[in-house]
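Before reading on, please take a moment with the sequence and the model below. The paragraphs that follow take up the ligands one after the other, and then turn to a pair of helices.

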Number of protein chains: 2
Amino acid sequence: SLDVAASDFEALTEEFTKFEEQNKLYVEQQEKIYASQNKQLKDLAHHNYRLRQISDSLRKQKPTSTEDKAKIEKLQEEITTRKSQLTDIANTLPRRNNLYLRTVLGDLNLSLMSKAQRFQYKDEYEHFKLVVTMISAVLSFCNLFLFKYRFMDAAFHFLLVWYYCTLTIREGILRANGSKIQAWWVAHHYITTFLTGVLVTWPETPIYQAFRNQFYYFSFYLGLVQVLQYRYQHGQLYKLKALGERSTGMDITIEGFHSWMFRGLGFLLPFLFGGYFFQLYNAYTLWNLSKDPRCREWQVAVCAVAFFVLFLGNVITTLGIVLKKVHQ
Amino acid sequence: SLDVAASDFEALTEEFTKFEEQNKLYVEQQEKIYASQNKQLKDLAHHNYRLRQISDSLRKQKPTSTEDKAKIEKLQEEITTRKSQLTDIANTLPRRNNLYLRTVLGDLNLSLMSKAQRFQYKDEYEHFKLVVTMISAVLSFCNLFLFKYRFMDAAFHFLLVWYYCTLTIREGILRANGSKIQAWWVAHHYITTFLTGVLVTWPETPIYQAFRNQFYYFSFYLGLVQVLQYRYQHGQLYKLKALGERSTGMDITIEGFHSWMFRGLGFLLPFLFGGYFFQLYNAYTLWNLSKDPRCREWQVAVCAVAFFVLFLGNVITTLGIVLKKVHQ
Ligand SMILES: CC(C)(COP(=O)(O)OP(=O)(O)OC[C@H]1O[C@@H](n2cnc3c(N)ncnc32)[C@H](O)[C@@H]1OP(=O)(O)O)[C@@H](O)C(=O)NCCC(=O)NCCS
Ligand SMILES: CC(C)(COP(=O)(O)OP(=O)(O)OC[C@H]1O[C@@H](n2cnc3c(N)ncnc32)[C@H](O)[C@@H]1OP(=O)(O)O)[C@@H](O)C(=O)NCCC(=O)NCCS
């Protein structure tokens, strides 16, 4: 009845007063935290600056005695340790986004403040890649064997444009949060966005038809490779996490991790290089097609060049990563 | 010399120890804040739930006396006040992003926690729209009178796809932070992304050529309209801010604001409706072209329908907004 409602509301109001107070306190704390963040960002810049000065002056020293030499080495070691401590601190503070993220998303705080959040975000990123990759593999299969509509082709190309565009955004966020993704992989996704964008504009000419099936075989193969890549990178992510919290009882050692990694990499690499040579083959086919007398569209040569650039960058970067890992 | 460097480093280490402690404290506070956020989110849900129950039971009451009627009205008023207080609190807490944002960006905390941040973000959004709009107006002008390359056309269409796609992301963020942008404007930008995407795939046929110039005139006109729209919405943003902090001495009243708004809107509306009828005209032209015997491409009819939908939604929504404002 009415009285029940009134007394219910009164009881709720009492609770609300407490809730409101708690929220006020929280907002105040929030503001203090902002102030503290700003101060720490300044301190961080100061420490980085001073460290750079000191290591510059160390580099100019010409040690005259072995004692001095040892001193310098010790200092340099300490500076390296300090730098990694400062990186750890930096990871707890918000960062200014790069130009691309600022342009697309505006000036937001995109920092993931804790290790758990960063892990989760990366995990989700890998999962996202897997899901879209599988969708695109299924679509390439269908477009190859079931449909032959330019409309479905366009939808597929648009999916790819959207996907790679999204990857560049997410990778920007990952890099802003301390991921060591090499610049090439990000560049790779920008170039692929461009390449798939060009494919979208390619009208349905005989030349388009001549390349169509090869492109779908390539996409399908890429889908399979990326599933393998997911297995490797996802495994690595979890192993690294377990390494980081070795106290939790999972018996994993650095050596165990390394042997696992090399086995995984050894399995993956042939497939990756298969993909890279497929890219080279695409570049070759397109280049020949662009010399075809029937070919009037600019897309053919542009795609040939883009595929070749992808091939080159992928081979160089992957070889570089493998060499670095073997050296360590 | 070496000793200077060593003693510099020592001094810096002392500072660093303090800095590290401060950071540790900050990380702890951060974690407390997260815990508090979670508790408050639960409280918020509880209060919203209880309020809904109480107002449901009030709605079922049949008042028998004028006294009861007054009581019910008073309670209902209090509930409305409470609801807006709860919204204020909700604005200080993080929110789960909608599906679209989660898909594109992953599960990030995109909440802008303070009024100042929200204001700044909105301000930047308006500015971003202005800049890209002016670029696109200049490009349409160039493509209309200077270049006639399909390549430049494609670049222009891609700029539009990217721009509208970006708008949908930013508007998602704005809405997640309490902006009252009507759903139609967001839908409008999804449809436009689709429409410009279709334009990208349109090969250079006679039909394309027949529509090309009209599209550039339209884009150019749209650019001009959007500059006017920027002036209005930017002005409104600042006036509303001033209204909110009336203590600061800017002498603005609600009445003054309303008269300013109606003058601005009165100036803007003819241009907006000009744009809407231009959209209708585009739909009409495209529809006729799609009946042309030379027309073999699906893009023509699809674009016609999209323009018509845009026209319809814009007219209905804008009329609705104007009616609502006049009523208030
Ligand atoms: C060669 C390869 C397997 C090595 O992977 P890896 O052992 O993780 O390499 P690194 O140690 O250099 O990784 C450093 C960081 O970059 C990330 N990374 C490496 N390659 C990446 C890629 N292709 N895309 C996105 N992120 C990548 C890693 O996850 C790691 O992130 P973290 O710092 O957040 O932990 C990996 O780079 C790869 O799969 N490359 C092939 C991609 C490709 O060619 N795709 C197209 C197929 S034709
Ligand atoms: C009609 C119009 C001028 C009314 O603007 P208004 O007075 O700000 O309208 P409202 O009071 O409904 O605004 C509510 C909110 O939505 C926002 N908003 C309104 N129209 C918007 C639009 N077209 N795009 C983005 N945001 C919009 C406002 O900024 C406000 O945001 P806030 O809650 O963060 O303060 C505006 O909607 C408009 O310019 N529409 C035309 C857009 C258009 O048709 N473009 C294509 C031209 S052909």
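Predicted model: local features only at pLDDT ≥ 70, side-chain atom pairs only at ≥ 80, totals over all residues.

A helix here is a DSSP run of H or I that is at least four residues long, and helices are numbered from the N terminus.

Which residues come nearest to ligand 1? Of the 19 residues around this ligand, they are Lys122(A), Ser179(A), Lys180(A), Tyr276(A) and Lys325(A). Sorted by class, the shell around ligand 1 divides into ten nonpolar, five polar and four charged residues. Oxygen atoms of the ligand also take part in polar pairings with side chains: a polar side-chain atom of Ser179(A) lies 2.8 Å from an oxygen atom of ligand 1, and an N or O atom in the side chain of Lys325(A) is likewise 2.8 Å from an oxygen atom of the ligand, while for a polar side-chain atom of Gln229(A) the distance to a ligand oxygen is 3.1 Å. Taken alone, ligand 1 exposes 880 Å², and the protein buries 88% of that area.

Among the contacts of ligand 2, an N or O atom in the side chain of Gln236(B) is 2.9 Å from a ligand oxygen, and a polar side-chain atom of Gln229(B) lies 3.1 Å from an oxygen atom of the ligand. With Ile181(B), by contrast, a polar backbone atom is involved, at 3.4 Å from an oxygen atom of ligand 2. Taken alone, ligand 2 exposes 880 Å², of which the protein buries 88%.

The last step concerns helices from the two chains. Two packed helices are described by the angle between their axes and the distance between the axes. The axes of helix α1 (residues 2-60) of chain A and helix α2 (residues 66-90) of chain B come within 11 Å and cross at roughly 25°. Because angles under 35 degrees count as roughly parallel, α1(A) is roughly parallel to α2(B), and the crossing in which α1(A) passes α2(B) is left-handed.

Definitions and conventions: Residues numbered from 1 in each chain as written. Chains lettered and ligands numbered in written order. Heavy atoms only, no water. Polar contact = N/O pair within 3.5 Å; in protein donor to acceptor, adjacent residues only side chain to side chain. Areas by Shrake-Rupley, 256 points an atom, 1.4 Å probe, with all protein chains shown as cover. Axes fitted to C-alpha atoms, helices over the stretch in contact; angles between N-to-C directions. Helix = DSSP H or I, 4+ residues; strand = E, 2+ residues; numbered from the N terminus. Parallel < 35°, antiparallel > 145°, perpendicular 65-115°, else oblique. Left-handed = near helix turned anticlockwise from the far one by under 90°. Near = heavy atom within 4 Å. Nonpolar A, V, L, I, M, F, W, Y, C, P; charged D, E, K, R; others polar.
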